[in-house]
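The notes below go from the overall picture to particular residues and pairs.

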Amino acid sequence: MPPVPGACIVNEVKDVKLRRDNIVTALALFVIASTIPFAIADTIETGRVYLFSRQFIEELPQRFTGTGRMRFILQPVLAILLGMRGGLADARASNPPYLFGLLFHAGHRRELMQSGAAAVGTLLAMGIILDVVFQFILYRSVHPGAALVVGPILICLPYALSRALTNRMAGLLVKKHG
């Protein structure tokens with residue numbers, strides 16, 4: 001019997017498990033998708049893209065004070081801890097430091113990207129969701145572009161740096177005491 005078109009897609013959909021990380025990622029995608037029409041309307045109304053506007057720069061300090069300030073501490077700390085865990089695993093496996101591997105080891109790049117995404121995926125989605133919520137609380141409007149920039153910066157940069165530094169320091173300790 002010939003294969004049924006679309007049967008492969010149905011089998012892949014059946015394999016998707018209902019897990020916390022899948023739910024959080026789906027919620028983040030839903031939140032961003034549902035705010036895009038409002039961002040487009042704001043761009044048409046004001047004639048500017050919020051992310052590249054003076055208003056965005058002027059409102060940045062407000063993000064560090066008041067209601068949402070705790071996430072500027074909590075999210076990077078969690079990202080650093082996850083990065084340290086990944087760096088130790090990299091050192092045990094004798095992998096190159098994370099950033100160095102991403103930039104200069106094409107053979108390991110895909111594997112490193114997947115392990116990084118797996119480690120911080122839920123945290124990244126939560127960062128995006130939290131940024132949208134706090135934008136609404138602070139400004140009574142939501143700008144999805146800003147959420148897609150601010151949330152990931154709070155997570156990806158600390159994660160990548162801590163993973164690379166932990167790997168490097170663990171490697172040096174092993175050589176010294178090895």
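What share of the 178 residues in the protein do buried residues make up? The points below begin with that.

1. Buried residues account for 34% of the 178 residues in the protein, where buried means under 20% relative accessible area, exposed over 50%, and partly exposed in between (1.4 Å probe, protein chains only). This is a predicted model, in which local features need pLDDT of at least 70 and side-chain atom pairs count only at pLDDT 80 or more, whereas totals for chains, interfaces and linings use all residues. Residues are numbered from 1 along each chain as its sequence is written, and side-chain values use heavy atoms, with hydrogens and water left out.

2. The protein has seven helices and zero strands, and its pattern along the sequence reads α-α-α-α-α-α-α; helices (H or I, at least four residues) and strands (E, at least two) are DSSP runs, numbered from the N terminus. Of the contacts between residues at least 6 apart in sequence, 75% join residues at least 24 apart, contact meaning heavy atoms within 4.5 Å. The accessible surface of the protein comes to about 11,600 Å², and 71% of that surface belongs to carbon and sulfur atoms; accessible areas come from the Shrake-Rupley method with a 1.4 Å probe, and for residues only the protein chains shown count as cover.

3. The largest nonpolar core has 18 residues, of which Y98, I155 and Y159 touch the most other members; such a core is a set of buried Ala, Val, Leu, Ile, Met, Phe, Trp, Tyr and Cys residues joined through side-chain atoms within 4.5 Å. Helices α4, α5 (98-104), α6 (106-139) and α7 (144-177) each supply at least two residues of this core, and α7 gives the most, with seven residues. Apart from this core lies another, of six residues, among them V31, I32, V132 and A147. As for I155, when residues up to four places away in sequence are not counted, I155 touches Q75, A79, V120, L123, L124 and G127.

4. Is M84 buried, exposed or partly exposed? M84 is found in helix α4 (residues 71-92), and M84 counts as partly exposed because its relative accessibility is 36%. Leaving aside neighbours within four places in sequence, M84 is in contact with S162 and T166. M84 and Y159 are 75 residues apart in sequence, yet 7.9 Å apart in space, C-alpha to C-alpha.

5. M84 also belongs to a nonpolar patch on the surface, formed together with M70, I73, L74, V77, L78, I80 and L81, and the patch has about 700 Å² of accessible area in total. Patches are made of residues with over 30% relative accessible area and no salt bridge, like charges being joined within 9 Å and nonpolar side chains (Val, Leu, Ile, Met, Phe, Trp, Tyr) within 5 Å. As background, nonpolar side chains in soluble globular proteins tend to be buried together.

6. The structure holds three salt bridges, each defined as a side-chain nitrogen of Lys or Arg within 4 Å of a carboxyl oxygen of Asp or Glu. The side chains of R163 and D90 meet in one of them (2.7 Å, N to O), and this pair links distant parts of the chain, with R163 in helix α7 and D90 in helix α4, 73 residues apart. R163 is buried, with a relative accessible area of 4%, and D90 counts as buried at 3% relative accessibility.

7. The side chains of E58 and R54 also meet in a salt bridge (3.5 Å, N to O); both residues lie in helix α3 (residues 54-63), four residues apart, about one turn of the helix, and both are exposed. A further salt bridge joins the side chains of D42 and R48 (2.9 Å, N to O), where R48 is partly exposed, with a relative accessible area of 22%.

8. A search of the whole structure finds two aromatic pairs. Rings of Phe, Tyr and Trp (its six-membered ring) pair if their centres lie within 6.5 Å, and planes under 30 degrees apart count as stacked, over 60 as edge-to-face and the rest as tilted. The rings of Y50 and F56 have centres 5.5 Å apart and planes at 80 degrees, so the pair is edge-to-face; Y50 counts as buried at 4% relative accessibility, and F56 is buried at 7%. The rings of F100 and F104 have centres 5.0 Å apart and planes at 50 degrees, so this pair is tilted.
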